[in-house]
Each structure stands twice: as C-alpha cells, then as structure tokens.
Amino acid sequence: MLAARHAGDHAAGRRGARRGAGAVLITHLATVGSTNDWLTERAATLPDGSWVFADAQTGGRGRRGRAWTSLPGNVFASVLTRPQPGEGPTQQLSFVAALTLAGALDSYAEAHRLTLKWPNDVLLDGTKVAGILLEKQGDACVIGIGVNLAAHPVDSERPATSLAAAGIAPPSPSAFVEDLSGNFVRTRATWRDHGFAATRTAWLARAAGIGRPLVARLGSEALTGVFEGLADDGALQLRLDNGAVRAVHAGEVFGV
Ligand SMILES: O=C(O)CCCC[C@@H]1SC[C@@H]2NC(=O)N[C@@H]21
C-alpha cells in the first residue's frame with residue numbers, strides 16, 4: 001500500500017492508495033462528498049487512469065442534476081481520463097464505461113440478465129442496477145460509477161435493483177473496483193486500437209430496446225420512434241413515424 005500522498009484527505013478519512021493490476025492507482029476513502037468532486041479537484045495532478053472509491057458518499061450526484069442515493073455496501077467510484085493518442089472524442093467514453101461496467105458485472109450475473117440502456121445505465125433483469133456520470137474538467141473527463149451491489153433505493157421515482165435484491169451474493173466494493181479498473185484498461189484499449197466501431201458494436205449487442213419502439217423525453221418534448229442505433233457522437237438514432245432519423249443527444253428514453 002502506498003503512503004497517503006494528497007493534501008486535504010484527512011477530512012475525507014483516507015483508507016489508502018494502492019496500485020491495482022496493471023499499476024493503476026486506486027485511492028480508497030472512508031467517506032467523501034462525491035468521488036467525482038474528489039477527482040475533479042485533483043485532475044491537474046493525478047495521472048490518467050487514476051481511480052478513487054469510497055465506503056460512504058454523502059453528496060452523490062446522478063445524471064440530469066439528480067441525487068445518487070449512496071447506500072452502504074455499494075460502489076461509489078470514479079476514474080480520471082485525459083485524451084490519449086489514438087482515442088476518439090470524449091463522448092464515446094460513455095459507452096466504453098458502460099461496457100466496462102457490464103463486463104465487471106458479468107462475473108456475478110449471467111450476461112443475458114445484464115443489458116445497457118442509453119446513454120449509460122446498466123440494467124439487471126430490466127431494472128437499473130448501476131449508473132454512470134461523465135463530467136469534464138478542462139480536457140480531463142471524470143467518469144463516476146455507482147453500482148448497487150448490496151442495496152438499492154426503494155422510495156425513488158425510478159425503479160432500481162441491486163445484485164443482492166436479484167439473489168446474487170454481492171462482492172465487496174473493493175473487489176469490484178479492482179475488477180472495474182482492470183476491465184477499464186482493456187475496454188479503453190479496444191476503443192483506442194479498433195476505433196468507435198468496435199465499441200459501438202459491443203454496446204449495441206447488449207443494448208436494451210434496440211430495433212424496438214421507444215419514447216425519448218427531451219425537456220418538454222416527447223418523441224416516439226424506433227431505436228435504430230448510435231451515432232459517432234453517441235447520439236441515439238431514432239427513426240420517427242415519418243421515416244426521418246432524429247439524433248437524440250440528451251434526454252431519457254423509455255420503452256413503449
Ligand atoms: O445514473 C446516474 O444518474 C449516474 C449515477 C452516478 C453515481 C456515481 S457514484 C460515484 C460518482 N460520484 C458521484 O457523485 N456520482 C457518481
């Protein structure tokens with residue numbers, strides 16, 4: 001285990017930092033506001049591919065300004081990326097991250113039970129088990145990952161599940177983060193070496209609702225169409241009833 005190296009970690013209750021498989025730096029905190037904030041504050045000094053995770057998160061954030069309920073025994077982790085030679089645009093990282101996460105979950109649940117929902121949710125038996133939040137800081141991008149291993153919120157507007165609720169013995173968060181970090185190196189290398197085409201094909205192979213009707217809610221607008229695929233910038237391609245294909249860059253999608 002490496003000695004503590006960052007100033008200002010006392011308040012967070014530092015557990016330690018170590019090099020995981022492939023010499024990835026993984027920092028383990030007892031408690032933190034948000035692992036995304038922790039990394040964003042250190043984006044200028046930490047190396048590309050650095051991870052942080054925490055036993056407790058007091059101000060977890062989700063997409064679209066929502067709070068992320070951070071229950072004990074779950075994973076709250078973030079990884080720092082900077083554009084590397086050969087890599088595509090940052091928006092594509094969203095799909096690299098979703099594949100990384102699904103690949104890590106494959107060790108615990110049969111692959112057919114795990115599907116991907118645009119843009120970057122992971123579903124277990126059709127219900128959300130994990131979410132991803134990408135935040136840019138200059139040219140860096142912090143990818144936050146929340147996984148319901150042991151518990152899930154029961155009172156939330158949107159249905160959620162956990163490995164435990166699905167009858168799967170959950171791993172420890174630290175073991176899961178170890179899997180995630182190793183998987184991210186491999187998934188990212190595939191993206192770099194084979195371009196977005198390989199990542200898109202892999203993502204679409206696990207996508208929930210591909211080729212089926214869905215509703216995309218974009219603010220006050222709701223569009224109905226058939227989910228046809230993914231554009232290079234990560235937009236969902238929706239074939240509308242009039243035959244035109246509309247690119248959906250932001251919003252939420254629901255099956256109909
Ligand atoms: O589905 C979503 O809305 C994205 C959820 C992302 C939650 C994770 S938990 C670790 C990291 N820190 C945060 O504050 N958010 C992300």
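Colleague: How much of the protein chain counts as buried?
Modeller: Of its 256 residues, 49% are buried. Keep in mind that this is a predicted model.

Colleague: How many helices and strands are there?
Modeller: The protein chain has 3 helices and 13 strands. Its radius of gyration is 18 Å, close to the 18 Å from the globule rule for 256 residues, so the chain is as compact as a globular protein of that length.

Colleague: And what does the C-alpha trace span along its principal axes?
Modeller: About 60 × 40 × 35 Å.

Colleague: What share of the contacts join residues at least 24 apart?
Modeller: That share is 60%, counting contacts between residues at least 6 apart in sequence.

Colleague: Now the surface. What is the accessible area, and how much of it belongs to carbon and sulfur?
Modeller: The accessible surface comes to about 11200 Å². Carbon and sulfur atoms account for 53% of that.

Colleague: Where do the positive and negative charges sit on average, relative to each other?
Modeller: Their mean positions are 1 Å apart. There are 25 positive and 23 negative charges.

Colleague: Let's go to the strands. How do β6 and β7 pair?
Modeller: They are antiparallel, with 3 bridges. Leu124 has Thr127 in β7 as its bridge partner. The two strands form a hairpin with 2 residues between them.

Colleague: Which residue in that turn has a positive phi?
Modeller: Asp125, at about 50°. Asp125 lies in the loop between β6 and β7, and a positive phi here belongs to a residue other than glycine.

Colleague: Why flag that?
Modeller: Because most residues other than glycine have a negative phi.

Colleague: Is Asp125 buried, exposed or partly exposed, and why?
Modeller: Asp125 counts as partly exposed, because its relative accessibility is 46% and that class runs between 20% and 50%.

Colleague: Which strands pair with β9?
Modeller: β10 and β13 both do. β9 covers residues 213–218 and is joined to β10, residues 221–230, by 6 bridges. Ala216 has Leu223 in β10 as its bridge partner. With β13, residues 252–255, β9 has 4 bridges. There, Val215 stands opposite Phe254.

Colleague: What about the turn between β9 and β10?
Modeller: The hairpin has 2 residues between the strands. Gly219 takes a positive phi near 60° there.

Colleague: Switching to loops. What is the phi of Arg64?
Modeller: It is near 55°, positive in a residue other than glycine. Arg64 is in the loop between β3, residues 51–57, and β4, residues 75–81. Arg64 counts as partly exposed, because its relative accessibility is 42%.

Colleague: Last one. Which residues are joined by a cis peptide bond?
Modeller: Trp118 and Pro119, with omega about 0°. Pro119 is in the loop between β5, residues 114–117, and β6, residues 121–124.

Colleague: And how are most peptide bonds set, cis or trans?
Modeller: Most peptide bonds are trans.

Definitions and conventions
Residues numbered from 1 in each chain as written. Predicted model: local features only at pLDDT ≥ 70, side-chain atom pairs only at ≥ 80, totals over all residues. Heavy atoms only, no water. Rg over C-alpha atoms; globule rule 2.2 N^0.38 Å. Buried < 20%, exposed > 50% of the residue type's maximum accessible area, 1.4 Å probe, protein only. Contact = heavy atoms within 4.5 Å. Areas by Shrake-Rupley, 256 points an atom, 1.4 Å probe, with all protein chains shown as cover. Lys, Arg positive; Asp, Glu negative; His and termini not counted. Charge placed at Lys NZ, Arg CZ, Asp CG, Glu CD. Pairing = 2+ DSSP bridges.
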